[in-house]
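Hello,

Here is the structure I promised to pass on to you. Please have a look at it first, and then read on for my notes.

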Amino acid sequence: MSKVELRQAQPEDLEEFWQLAFSDPNAGWTKLNGPYFHDDLPTKEEFINDLAPKAWLGNKEHLLITSDGKIVGSVGGHFKDGKLAKWYDMGITIYATDTWDKHIGSQALKLYITYLFNLFDFPHLGLTTWSGNPRMMHVAEKIGMKQEARIRQVRFYEGKYYDSVQYGILRDEWK
């Protein structure tokens with residue numbers, strides 16, 4: 001099994017990270033990571049000059065995932081309750097399809113949960129996905145997260161409705 005680590009992005013990572021994550025608008029991950037939002041991927045210039053300095057560089061919540069030292073994905077999150085900042089929802093993306101099904105996602109998500117419980121004094125961490133992403137649902141369940149909600153048929157993609165699925169874990173349940 002490869003050595004999976006999380007780390008903050010550095011300025012020297014930005015071109016490589018953009019190439020991996022955002023250079024191909026038809027990449028496999030774009031069909032699984034909220035494709036119903038129809039978000040545009042940033043251009044290289046937008047990412048390096050605007051998005052990365054705001055959301056990645058120096059941000060303790062958005063981290064790169066490396067496998068054997070190579071950038072393969074990212075983790076991040078946001079507060080679902082806005083300025084109250086007590087309800088944190090996280091996500092994970094493994095970008096290159098040739099790194100899928102190698103347990104990198106489950107290793108990275110475990111590291112991120114431990115990291116977030118150390119960073120924040122919360123009793124709960126959440127993860128939201130959709131029924132069109134069975135890999136993410138499997139990873140969440142595999143590492144011990146509980147399905148806490150299923151909002152049926154609210155995600156519309158390619159002519160079909162899917163469920164929004166929310167998982168969570170309590171600090172007391174995390175080992």
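Below I go through the salt bridges, a charged surface patch and one of the helices.

Before anything else, please keep in mind that this is a predicted model.

Let me start with the charge pairs. Side chains of opposite charge can pair when their charged atoms come close. With a cut-off of 4 Å between a side-chain nitrogen of Lys or Arg and a carboxyl oxygen of Asp or Glu, the count comes to 6 salt bridges. Three of them are described here, one by one.

One of the pairs is Glu15 with Lys44, where the closest N and O atoms are 3.2 Å apart. This pair links distant parts of the chain, since Glu15 belongs to helix α1 and Lys44 to helix α2, 29 residues apart. Glu15 is partly exposed at 48% relative accessibility, and Lys44 is also partly exposed, at 29%.

Another pair stays inside a helix. Lys54 and Asp50 form a salt bridge whose closest N and O atoms lie 2.9 Å apart. Both residues sit in helix α2, 4 residues apart, which is about one turn of the helix. Lys54 counts as exposed because its relative accessibility is 66%, while Asp50, at 39%, counts as partly exposed.

Then there is Asp101 with Arg135, again a salt bridge, with the closest N and O atoms 3.2 Å apart. Asp101 lies in the loop between β4 (88-94) and α3 (104-119) and Arg135 in helix α4, so this pair ties together parts that are 34 residues apart in sequence. Asp101 is exposed at 63% relative accessibility, whereas Arg135 is partly exposed at 40%.

Now to the surface patch. Asp39, Asp40, Glu45 and Glu46 gather there in a patch of negative charge. Of these, Asp40 is found in the loop between α1 (14-22) and α2 (44-56). With a relative accessible area of 74%, Asp40 is exposed.

Finally, a look at helix α4, which spans residues 134-142. Which residues of this helix are buried? They are Met136, Met137, Val139 and Ala140. Seen down the axis of α4, these buried residues fall within an arc of 160°, so they line one face of the helix. The face turned away from that buried side carries the exposed residues Pro134 and His138. Arg135, from the salt bridge with Asp101, is in this helix too.

Best wishes

Definitions and conventions:
Residues numbered from 1 in each chain as written. Predicted model: local features only at pLDDT ≥ 70, side-chain atom pairs only at ≥ 80, totals over all residues. Heavy atoms only, no water. Patch = residues over 30% accessible without salt bridge, like charges linked within 9 Å, V, L, I, M, F, W, Y side chains within 5 Å. Areas by Shrake-Rupley, 256 points an atom, 1.4 Å probe, with all protein chains shown as cover. Lys, Arg positive; Asp, Glu negative; His and termini not counted. Charge placed at Lys NZ, Arg CZ, Asp CG, Glu CD. Helix = DSSP H or I, 4+ residues; strand = E, 2+ residues; numbered from the N terminus. Buried < 20%, exposed > 50% of the residue type's maximum accessible area, 1.4 Å probe, protein only. Arc of directions from axis to C-beta.
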